[in-house]
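Subject: Structure for you to look at

Hello,

Here is the structure I promised to pass on. Please open it beside this email and follow along.

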Amino acid sequence: MEIHVKIKRVAIYSRKSRPDETEDALQRQLQILTNMAIKNGWEWEVFWEIGSSMSIDERERPELNKLLRKVQAYEYDGILVTDADRLSRDMEHSAYIKKMFANYGVKLITTTKVYDYNVQEDDLMSDMMSVLAKQEYVNTKKRLLRGKKASAKEGKWQGKPPLGYKLDRDTKKLVIDEAEASIVREIFELYIGGASGNEIARKFDFEGILTPMGGRYTHSRIGRILRNEVYKGDTIFGKTACSKIEKYDSGLPKQLPTDEADQIIVEKAHPSIISDEDWEKAEAIRNARSQLPPASRIGKNPFSTLIQCSTCGRTVTFQLDRQDRLTMGSCKTRSYATDGSYITCPNQGLLLSTFEEVFYEQFTKFIEGMEDELEYIKFNMNEEEIFNPQAEIAEISKRIKKINGRIKKAQQAFLAEILEEAEVKEEVKTLRHQKKELEREIETIKHTPVESKVDVLEELILEFKEILLGTTELQPKEINELFRSVIDKIEYTRLGVIKGSRKAPFSVNIRYK
Ligand SMILES: [Zn+2]
């Protein structure tokens, strides 16, 4: 199946890939590629690895990484290179890039050939979508995103308004929703007054204060409110990017603040709820509190009773080693035979930090899967569904209005002596009954927590991401609870018998619910 996608924007990428290549040769390459873009009428952007020596790690190329981040922001339809090996000569890395191109609908264009990985590797996305549907999805997404960027530049708000604001449907700008804004103000006041996110969350729980969608004010939710520039009147579009390429040594994804050039910042785009002064006070407090390294903030052990010895099934316990580091103890569980003899479970212990590296690497993939699912659900939902309760109430109110009109008409008909009193009474009674039903419906909508599946999933993903990035303020116990909500158990095996070596292999198998 041949799928033709009109190419509009390309990225041109060039670097030294052979030791004998001179800067001049690179310049000539760039010339050829830009000429090609001009000839085809494509918009282009150049990425050029300057001074990249041959020894440089294939994955440590800043310009390529910048380019890949933009690919993930659906910026391009194609990547233009002189040869396919310019991107990477490392097999694994190269496969990784191909997969990304396929997922983000990008073709690799060389001076002689166009590679469309999307068509070849149709199994990459989940079975929900056929290749064609996926291509359409990617194209639509690109179009939407580019449109969004254009309107972000005009200070227009994208998507769901944040707590404290409503969307002015005509101007597409945020206007203050007084009832919600008071909650935002309270959060800032309490925080500046010395309360922690956790304390604020408990206070709200205690007072039964819920989000407009009926959810709890968890303290990561509160944290995000405190960090949101929107409350001092600014909008920033495209500020966060959780990298799927760059990782810390521990295997956790790097949080890459996007280049300011990639962000669209509009200051004072809408009325502020919090003064610049107070917003900055809160920021200063936040920064002071986050000086602690992530590990100590995460606390000692979010894995309690989650890890199981794969050999004997016993729950792994923890202890401190001689250097005071948290360690998973060797199992040593005894299994007795009827004659009283026993064998000892040979599963060995491991430093918790070593376990965590592997665990988080696997868990990151799980979260990415959740994100894909969320995106898919959102993509297939129309705006009305996202703005759910208000739209529904408006719809019912319309029907009530109609009924009121009919009641009036019936009464007028009686006054004009068109209808008999009994008839009118019957008619009005029925209409009033219908009206009451509808009013009851509105009350139900207003008072039922209607946190949708999307909201729940979104919140959960955000919480997990903060854990992955080490920016969570959750207590170990709370992290443990969150893990438990998606993980049934984690099977741990370390049966290597390399005595005296710390490098015996181990495996971690996460069983999700
Ligand atoms: Zn065991």
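Two strands pair if DSSP finds at least two bridges between them. Helices (H or I, at least four residues) and strands (E, at least two) are DSSP runs, numbered from the N terminus. This is a predicted model: local features need pLDDT of at least 70, side-chain atom pairs count only at pLDDT 80 or more, and totals for chains, interfaces and linings use all residues. Residues are numbered from 1 along each chain as its sequence is written.

**The sheet 13-14-17**

Start with T327. It stands opposite L351 in strand 17. Two bridges join strand 14 (residues 326-328) to strand 17, and the two run antiparallel. They belong to an open sheet of three strands, in the order 13-14-17, with antiparallel pairing. Strand 13 and strand 17 (350-351) are the edge strands, and each pairs on one side only.

Now look at L320, in strand 13 (residues 318-320). Is L320 buried or exposed? A residue is buried if 20 or more other C-beta atoms lie within 10 Å of its own, exposed if 12 or fewer, and partly exposed in between; C-beta atoms are placed from the backbone. L320 has 10 other C-beta atoms within 10 Å, so it is exposed. Leaving out residues up to four places away in sequence, L320 touches R325, L326 and T327. Touching means contact: the two C-beta atoms, placed from the backbone, lie within 7 Å. L320 and L351 are 31 residues apart along the chain, and their C-alpha atoms are separated by 9.2 Å.

**The sheet 12-18-19**

Another open sheet of three strands has the order 12-18-19 and mixed pairing. Strand 12 (307-309) and strand 19 (507-512) each have a single partner strand, so one side of each is left without a neighbour in the sheet. From one strand to the next, the twist averages 30°. Axes are lines fitted to C-alpha atoms, for helices over the stretch in contact, and angles run from 0 to 180 degrees between N-to-C directions.

Strand 12 and strand 18 (residues 487-493) run parallel and are joined by three bridges. In this pair, Q308 has E491 as its bridge partner, and C309 has Y492. Strand 18 and strand 19 run antiparallel, with six bridges. Strands of a sheet pair through backbone hydrogen bonds, either parallel or antiparallel.

Strand 6 (residues 165-168) and strand 7 (residues 173-176) pair in the antiparallel sense over four bridges. The bridge partner of K166 in strand 7 is V175.

**Helices**

Helix 6 (residues 178-192) and helix 8 (residues 219-227) cross at roughly 90°, and their axes come within 10 Å. That makes helix 6 roughly perpendicular to helix 8. The classes are: under 35 degrees roughly parallel, over 145 roughly antiparallel, 65 to 115 roughly perpendicular, and the rest oblique. Which residues meet? V184, I187, F188 and Y191 in helix 6 meet I222, I225 and L226 in helix 8. The residues of this contact divide into seven nonpolar, no polar and no charged. Ala, Val, Leu, Ile, Met, Phe, Trp, Tyr, Cys and Pro count as nonpolar, Asp, Glu, Lys and Arg as charged, and the others, Gly among them, as polar.

In helix 2 (residues 62-72), the buried residues are L64, L67, L68, K70 and V71. They cover an arc of only 160° around the axis, so they sit on the same side of helix 2. The arc is that of the directions from the helix axis to the C-beta atoms. Just after helix 2, Y74 takes a positive phi of about 60°.

**Positive phi in loops**

Most residues other than glycine have a negative phi. K268 is not a glycine, yet its phi is positive, about 45°. K268 sits in the loop between strand 11 (264-266) and helix 9 (276-289). It is exposed, with 12 other C-beta atoms within 10 Å. T305 also has a positive phi, near 60°. T305 lies in the loop between helix 10 (294-298) and strand 12. With 12 C-beta neighbours inside 10 Å, T305 counts as exposed.

Best wishes
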